[in-house]
Amino acid sequence: MQPATSPEIVECRGVRLDLSHPLFTEKLRRAVERGWYEGAEARASEIMVRPGDRVVEFGGGCGFISSFMALTHADITIECVEANPELLALIEHHHRLNGVTCATLHHELAAREDGTADFYVTRDFWASSTRPGAEARRVEVPARAISKRLDEWDPQVVVMDVEGAELELLADPLPSKLRALVLELHPDIYGLPGVKAVMDGLSKQGFAYVPEASEHAVTAWARVDALA
């Protein structure tokens, strides 16, 4: 982590983040300033993404991981999907701040069917999800079928952090051309049976767990027949 040209703009793993934005709580500011923020996700994406890949990121957050991938890998394209309407301007701001031109932002919720869905926005934006909470604010957002989106975008890599929705989203088969998956699991939401269901499903589709790119709940997967 290094300071950038402004006291409010901090460089974390080569990505410039604007900590003056009110969505950065004190806890998140400390994580960025100490270089901890999304460290496991950044490391996993650095290992699993290859130059020239098409990447789909479900759960764009503040735009850190999409910016990191764009700065780390040459000639990639990124479809950045984020449901939280409060994060859209921040993602675009961070893309501009880092000179990211290969990422396209989509305001939608990854779902099993097209339509609309309730999304619950929390003060800590990383905890916003489809699950209601006492302090969460409900908003209606567009929902798009993940199967259709993956067919349309035809990615080599998917990066997914969707606060527990992965248990449902990964119940259906993934495209055969998908080479790798970076996935954050949420056992606090669906327990060990849910973790087993996700991992068993990926294994049955020919994906192998990649230990060197995984850390705690952030897991990396590669399709065995695509390993080289």
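**Legends to close-up views**

**The lining of the largest pocket divides into 23 nonpolar, nine polar and 10 charged residues.** Nonpolar means Ala, Val, Leu, Ile, Met, Phe, Trp, Tyr, Cys and Pro, charged means Asp, Glu, Lys and Arg, and polar means the others, including Gly. The model is predicted: local features need pLDDT of at least 70 and side-chain atom pairs pLDDT 80 or more, while totals for chains, interfaces and linings use all residues. Residues are numbered from 1 along each chain as its sequence is written, and side-chain values use heavy atoms, leaving out hydrogens and water.

**The largest pocket holds about 850 Å³ of space.** Glu38, Trp126, Asp161, Glu163 and Glu184 are the closest to its centre among 42 lining residues. A pocket is an open set of points on a 1 Å grid over the protein atoms alone, where a 1.4 Å probe fits, with protein on both sides within 12 Å along at least five of seven lines; lining residues have an atom within 4 Å of a point. Volume is the space filled by probe spheres on points joined across faces, edges and corners.

**The second largest pocket has a volume of about 280 Å³.** Its lining comprises 18 residues, with Leu109, Ala110, Thr130, Ala165 and Glu168 nearest the centre. Strand 7, strand 8 (115-121), helix 6 (166-169) and helix 7 (187-204) each give two or more residues to this lining (DSSP runs numbered from the N terminus: helices H or I, at least four residues; strands E, at least two). By class, 10 are nonpolar, two polar and six charged.

**Three strands form an open sheet in the order 7-9-8, with mixed pairing.** Strand 7 and strand 8 are at the edges with a single partner strand each, so one side of each has no neighbour in the sheet. Strand 8 and strand 9 (residues 137-145) pair antiparallel over seven bridges (pairing requires at least two DSSP bridges). Val121 has Arg137 of strand 9 as its bridge partner.
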